[in-house]
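This report describes selected helices and residues of one protein model. The sequence and structure are shown first, and the description follows.

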Amino acid sequence: MSTHEASVGHELRSPLNHILGYSEIAIEDASDAGHEQIVHDLQKIHAAGQRLLTVIESTLAPAARTVTPVPPETIDREVREPLNQILGYTELVAEEATAAG
């Protein structure tokens, strides 16, 4: 893996790991507070983050370069869906948390 690839991998994984970590904390807090709908949506955020991390890892992994290259359009689609889910469910959680007070 080149220095550039390692840097790109770090730049992508670091914020995603923050999303995963904070979603785990938020799931625990919301569960303790009895906000089951928020917990459900936070779990969707976490699952989408895991899928996005899998796409990033498989794209940047050294073993991935030994197989047929994945077209950029496919990567774009594979990244866009979980990213949109993270954004959408984050908006829902914010609205639900505001309504819950």
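Which residues in α3 are buried? In α3, the buried residues are Thr74, Pro82, Ile86 and Val93, where buried means under 20% relative accessible area, exposed means over 50%, and partly exposed lies in between (1.4 Å probe, protein chains only).

## Basis of the model

The model is predicted: local features need pLDDT of at least 70, side-chain atom pairs count only at pLDDT 80 or more, and totals for chains, interfaces and linings use all residues. Residues are numbered from 1 along each chain as its sequence is written, and side-chain values use heavy atoms, with hydrogens and water left out.

Helices (H or I, at least four residues) and strands (E, at least two) are DSSP runs, numbered from the N terminus.

## Helix α3

Helix α3 comprises 29 residues. From its first C-alpha to its last it reaches 41 Å, close to the 42 Å expected at 1.5 Å a residue; the expected span is 1.5 Å times one less than the number of residues. Just after α3, glycine 101 adopts a positive phi of about 80°.

Isoleucine 75 is also located in α3 and counts as partly exposed, at 24% relative accessibility. Its C-alpha atom is separated by 9.0 Å from that of isoleucine 56, 19 residues apart along the chain.

## Packing of α2 and α3

Two packed helices are described by the angle between their axes and the distance between the axes. For α2 (residues 36–60) and α3 (residues 72–100), the axes come within 9 Å and cross at roughly 160°. Axes are lines fitted to C-alpha atoms, for helices over the stretch in contact, and angles run from 0 to 180 degrees between N-to-C directions. The crossing angle therefore makes α2 roughly antiparallel to α3; angles under 35 degrees count as roughly parallel, over 145 as roughly antiparallel, 65 to 115 as roughly perpendicular and the rest as oblique.

The residues of this contact divide into 15 nonpolar, five polar and five charged. Here Ala, Val, Leu, Ile, Met, Phe, Trp, Tyr, Cys and Pro count as nonpolar, Asp, Glu, Lys and Arg as charged, and the others, Gly among them, as polar.

Histidine 46 lies in helix α2 and is buried, with a relative accessible area of 16%. Not counting residues up to four places away in sequence, histidine 46 touches Leu20, Ser23, Glu24 and Ile27, contact meaning heavy atoms within 4.5 Å.

Aspartate 29 belongs to helix α1 (residues 3–32) and is partly exposed, with a relative accessible area of 46%. Aspartate 29 and valine 39 are ten residues apart in sequence, and their C-alpha atoms are 8.7 Å apart in space.
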